[in-house]
Amino acid sequence: MDLNLTLNETRVLGCLLEKESTTPDLYPLTLNSLLNACNQKSNRDPVLSLTPADVKSTLDDLVEQRLVSEEGGSRTSKYRHRFCNTLFSDLKFSEQERAIVCVMLLRGPQTPGEIRSRTGRLTQFSDVSQVETVLQDMAEKEWVRQLPKEPGKRESRFAHLFSGDIEVPPSPVTVMADDKSRIQELEHEVKVLKAEIERLNQLLVSSADGLE
């Protein structure tokens, strides 16, 4: 994956994708509309407090990367994404894939169950297993990655790879196995040291007996 989007860039692109589907009459978006979408307190994680300058700077960067296009004059500029499913992008998503990417850009890693409940305005999934099937196909295309299951959680989360590769932390089982191995090594070293101390003590006793 060549893209390495920042948090602000994923938020802007996610908002453009979302509003293109949910409010097509208002799309493309003005700077003010996009600012409000980026700073929504619902359906966003993390919640951001971007300024107009933040959003404009992010848009300028995305325009330079040819991921967003600007239309109209300086006072009435509107913005549309070129991120996917356009003549300017190699990314071609199905409707369901596009919906998954959209909610991931807006809310980060999520479980299949969360994705199904949060994509209702963008697409339809018959059940969670259908979400999982689509996610596995996307993982094979290196668009998303499955994260290790968190302790106490029933489902694993999936994360998009449009912000670069993800460093997956070791699972608790691996950590426990590593800790057990280190403990065994320390116990062995203690046994060796005890044996050496016992040998030295015997030499000291023998030396003392020889001097009497």
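Biologist: What makes you say that Arg-82 lies over the face of Phe-88?

Modeller: The distance from Arg-82 to the ring centre of Phe-88 is 3.7 Å. A charge sits over a ring if NZ of Lys or CZ of Arg is within 6 Å of the ring centre and within 35 degrees of the ring normal. Arg-82 is therefore listed as lying over the face of Phe-88. This is a predicted model, in which local features need pLDDT of at least 70, side-chain atom pairs count only at pLDDT 80 or more, and totals for chains, interfaces and linings use all residues. Residues are numbered from 1 along each chain as its sequence is written, and side-chain values use heavy atoms, with hydrogens and water left out.

Biologist: How many aromatic pairs does a search of the whole structure find?

Modeller: The search finds 4 aromatic pairs. One of them joins Phe-83 and Phe-162, with 5.4 Å centre to centre and 80° between the planes. Phe-83 lies in the loop between E3 and helix H4 (95-107), and Phe-162 in the loop between strand E5 (158-160) and helix H7 (172-211), 79 residues apart.

Biologist: Why does Phe-83 count as buried?

Modeller: Its relative accessibility is 0%, and buried means under 20% relative accessible area, exposed over 50% and partly exposed in between (1.4 Å probe, protein chains only). Phe-162 is likewise buried because its relative accessible area is 0%.

Biologist: Why is the pair of Phe-93 and Trp-143 called edge-to-face?

Modeller: The ring centres of Phe-93 and Trp-143 are 4.8 Å apart and the planes stand at 85°, so the pair is edge-to-face. Phe-93 lies in the loop between E3 and H4, and Trp-143 in the loop between H6 and strand E4 (144-146), so parts that are 50 residues apart in sequence are tied together. The rule is that rings of Phe, Tyr and Trp (its six-membered ring) pair if their centres lie within 6.5 Å; planes under 30 degrees apart count as stacked, over 60 as edge-to-face and the rest as tilted. Both Phe-93 and Trp-143 are buried. Ring pairs link Phe-83, Phe-93, Trp-143 and Phe-162 into a cluster.

Biologist: What makes E1 and E2 the edge strands?

Modeller: The open sheet has 3 strands in the order E1-E3-E2, with antiparallel pairing. E1 and E2 each pair on one side only. Strands pair if DSSP finds at least two bridges between them; E3 has 2 bridges with E1 (residues 29-30) and 4 with E2 (residues 68-71).

Biologist: Why is Asp-127 called partly exposed?

Modeller: Its relative accessible area is 32%, so Asp-127 falls in the intermediate class. Asp-127 sits in the loop between helix H5 (112-118) and helix H6 (128-140).

Biologist: What joins the side chains of Asp-127 and Ser-129?

Modeller: They are joined by a polar contact of 2.6 Å, a term for a pair of N or O atoms within 3.5 Å; within protein, one must be able to donate a hydrogen and the other to accept it, and residues adjacent in sequence count only if both atoms are side-chain atoms. The Asp-127 side chain also reaches the backbone nitrogen of Gln-130 at 2.9 Å.
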